[in-house]
Every structure is written in C-alpha cells, then in structure tokens.
Amino acid sequence: MQLRYSFRLYPNGTQRSALARAFGCARVVYNDALRARETARAGGEVFPTIGDLSKLLITEAKKTEERAWLGEVSAVVLQQSLRDLDTAYRNFFSGLKGKRPRMGSPRFKSLRDNRQAVRFTANARWKITTGKDLWLPKIGNVRVKWSRALPSTPSTVTVVKDSAGRYFASFVVETDLETLPETDAVVGVDLGLSHFATLSDGTKIDSPRFLRRAEKKLKKAQRNLSRKAKGSNNRTKARIKVARAHGAVADARREFHHQLSTKVIRENQAVAVEDLAVKGLARTRMAKSVHDAGWSAFVAMLEYKAAKYGRTFHRIGRFEPTSQVCSVCGAKDGPKPLNVREWTCGACGTVLDRDINAAVNVAKAAGLAVSACGARVRPGLVPAQREETGTHRDGQTTVVGIPAP
Ligand SMILES: [Zn+2]
C-alpha cells in the first residue's frame, strides 16, 4: 500500500529563491497549458495532448525571450505541472460522467494560492545525500528534519510551501503490510463533542495538553491581530503570527490523531466507527467544533493504519440510531438532546452513559462482540444502596491521556 510521509524542510536564502522560481515556472506552465486547452475547447477543436503542450510550452517556449527563464528550473518540475493539469481535467470529466464526485473545471493558479508545490520524479535524479540532506536539481542540498524513518526509498518527492511560509518534503512510499500480534479485543468508537472520542470499553479521550496549549496560543494571536490597525506594519506581523499559530495547531492535532489512532489499532483486532455523515452535526451550529475536532482526518488514519497492520476496519452506515438505542436490552428510546449525558432506559431501567452507550452500539452494528458493561452507569432493576448512590460508578469509565511519543 502507499503512504505519504511529510518532513519539514529548511532551505537557506538562495534555495528559497530557487524554490520560488520553481513554483513560479510550474505555475506559468500550468496556466499556459490551461489557457491552450480552454481556447481549444471554446473553438470546438481537439484538445492538445500533454506531448503537444510539453513541446510548445516548455521546449519551444524556452527559446523565446519572454519565456527563456523556464530554463532556470528543472524540466521535470514543468512536466509534472502539465501532468497535474491533465489529472485535473480527467477528474473534471469523470465528474461530469458521474464516475466520481462532481468538481469544477481546472482553475488558473495564483501567486496568492495558500499552497505552492512542485514535484520531482526519479527522472529529476533528486536524492537523499549521505549527509541526510535532500538534493534537488537546480536547488541544491536542502536541510531536512527527519521526524521518522522512511520505510523504503521513494521515487518521487513533492516540495510544498504552505501559507505560513513553511516548507515540506512529501514522499509517497510503498510499504508492506506489517501484521501486529493478534488480539481478541475489538472496539467501537464514538466521536463526540464532550470528549474527542469514547471507546466501547468505557475509555474517554480528550485532546491532550499540547494541543490545548497550541489552541490557546492561536486564540491569543487572533485576538492580538483583531486589535491592530488595518494596513499597519504591526498588523502584517500579527497576521504572520496567526498563520504560524494555525500551523502549530494543525501539527499538534495531527500528532494527537497519530498517537491515538496507533494506540487504538495496536490494541484491537477490529475497530468500528460511525460514518460521520450520520452525526448530522456538520450542518448545525456545532459545525465549527466538528470541523475543529478533525474527526474525518482521524477516521482516515484509523482506516489506513488498520489496512497497514492487518486489522479490520468497519464504518457503520447511516441508519443506525446509536445514541437512541439501549445497548443493554436493545430498546429504542427515541432521540435525546445533546446536553443529555446520561439517560435511563425506559424498558430495562439501566442508567446509561450517552457516549459509551453509542460506542457500544457502533461496535454491535458492525457485528463486533463487545460487552455492554462499560455503558452502564448503574444496572437496571437492582436498586443501588443509598450510600453508594452517586459516589461510585461501574469502575470502567476512565479518562486517559495519550503518552508522549
Ligand atoms: Zn434497556
């Protein structure tokens, strides 16, 4: 299977200029090719092929005065830019034919785009040097922060500059399935607002402190920005700080998702998650927190890690009312407002923890054999002793932190 690995790059001043040139040339070739194809389309002519475009817009263009500077960057980067355009058209046309989700026609790239990228294939003869730098043609040895080991040698590297001005090298690597020792444990996961995730064994997981700290810094930077006068130098500085803080939050969140998804996949043979569309929260005023929680990124990690480590991944469908059904007796108890954290089953009298109950139901809907014990705050039918009431719960509800990497 293919996995993407990204590492932070630290180009020096000269390299940053060289990269800016590469981004610019790739963008110009992309836009020239887009214009050529759109002109052909408008005139009812046959689309120029990638070969035609490459000859006209790269090879021939380099010989002209107004495009001579295309020769200053690796030709591979320009070729790849044409391929990207071709892919964008292909996706657009298959969308029209209903073969994949519909999307807009390819658009012109701008200097002001949030993300700039160029791709080097094996033909560019890029390499990782003995000194562990990334050597790129017409750019040189760029320093890399290798945060984890690459499982195999990649053939292609994409260099990205994000809106915060940070550089990354992104590699697509072919990896083998790594099977983990088998386990009997299976788990259902409920993603929620009161806790980031609740597991069917009763574990509740909140955002770790490093993520909350990054979020706090971002809020402070945003407040600071709003106080700065429009058009002032200080406003520009504050805006850069906000962009950096955004980047730090995104990094911290990704790290948290990685740690948690690895832990869940390691400890369980099968994992079930509710299809996020079910939650129906995305269209409500909860939308912001849903977005911030980054559930879909987390679920995508669970899915690929399950594939990577030979575990089973279930996504349960739209019509399972996981928060309305008693996981102990199966009675359907009707919808509950979001602020109801505990409820008593009208049929069997069990007092249920909303989130754990939902996680148990997710697991059951996927056909996983989990115990409903975790969801039970108090068992039904057996009245609790007066002195125990409210002092102790079933003992399985724990809030865990995620260990540092
Ligand atoms: Zn019940």
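Biologist: What kind of model is it, and how are residues numbered?

Modeller: This is a predicted model, in which local features need pLDDT of at least 70, side-chain atom pairs count only at pLDDT 80 or more, and totals for chains, interfaces and linings use all residues. Residues are numbered from 1 along each chain as its sequence is written.

Biologist: How many helices and strands are in the chain?

Modeller: The chain has 9 helices and 16 strands. Those are DSSP runs numbered from the N terminus: H or I of at least four residues for helices, E of at least two for strands.

Biologist: What percentage of the residues are buried?

Modeller: Of the 405 residues in the chain, 30% are buried. Buried takes 20 or more other C-beta atoms within 10 Å of the residue's own, exposed takes 12 or fewer, and partly exposed is in between, with C-beta atoms placed from the backbone.

Biologist: And what share of the contacts is between residues 24 or more positions apart?

Modeller: They account for 65% of the contacts with a separation of 6 or more. A contact means C-beta atoms, placed from the backbone, within 7 Å.

Biologist: Now α9. Is helix α9 largely enclosed or open?

Modeller: Largely enclosed by the rest of the structure, because 11 of its 12 residues are buried. Among them are Arg354, Asp355 and Lys364. After α9 comes glycine 367, with a positive phi near 85 degrees.

Biologist: What span should α9 have, and what does the model give?

Modeller: Helix α9 (residues 354–365) should span 16 Å, and its end C-alpha atoms are 16 Å apart, which agrees. The expected span is 1.5 Å times one less than the number of residues.

Biologist: Which residues are buried in α5?

Modeller: Ala245, Val249, Ala252, Arg253, Phe256, His257, Leu260, Ser261, Val264 and Ile265. The buried residues of α5 pack against several elements, including α4 (209–226), β11 (270–274) and α8 (295–308).

Biologist: Switching to helix pairs. At what angle do α1 and α3 pack?

Modeller: Helix α1 (residues 13–42) and helix α3 (residues 75–96) pack at about 45 degrees, with axes 9 Å apart. Axes are lines fitted to C-alpha atoms, for helices over the stretch in contact, and angles run from 0 to 180 degrees between N-to-C directions. The pair is therefore oblique; under 35 degrees is roughly parallel, over 145 roughly antiparallel, 65 to 115 roughly perpendicular, and the rest oblique.

Biologist: Which residues make the contact?

Modeller: Ala22, Cys25, Ala26, Val29, Tyr30, Ala33 and Leu34 of α1, with Val77, Leu78, Ser81, Leu82, Asp84 and Leu85 of α3.

Biologist: And α1 with α2, what angle there?

Modeller: α1 and helix α2 (residues 50–60) pack at about 130 degrees, with axes 10 Å apart. That makes α1 and α2 oblique to each other too. Val29, Asp32, Ala33 and Ala36 of α1 meet Leu53, Leu57 and Ile58 of α2.

Biologist: Where is cysteine 345 found?

Modeller: Cysteine 345 sits in the loop between β13 (342–344) and β14 (351–353). Cysteine 345 is buried, with 21 other C-beta atoms within 10 Å.

Biologist: Last one: is glutamate 38 buried or partly exposed?

Modeller: Glutamate 38, in helix α1, counts as partly exposed because it has 14 C-beta neighbours inside 10 Å. Its C-alpha is 10.0 Å from that of serine 105, although glutamate 38 and serine 105 are 67 residues apart in sequence.

How values were computed. Two residues are in contact if their C-beta atoms, placed from the backbone, lie within 7 Å.
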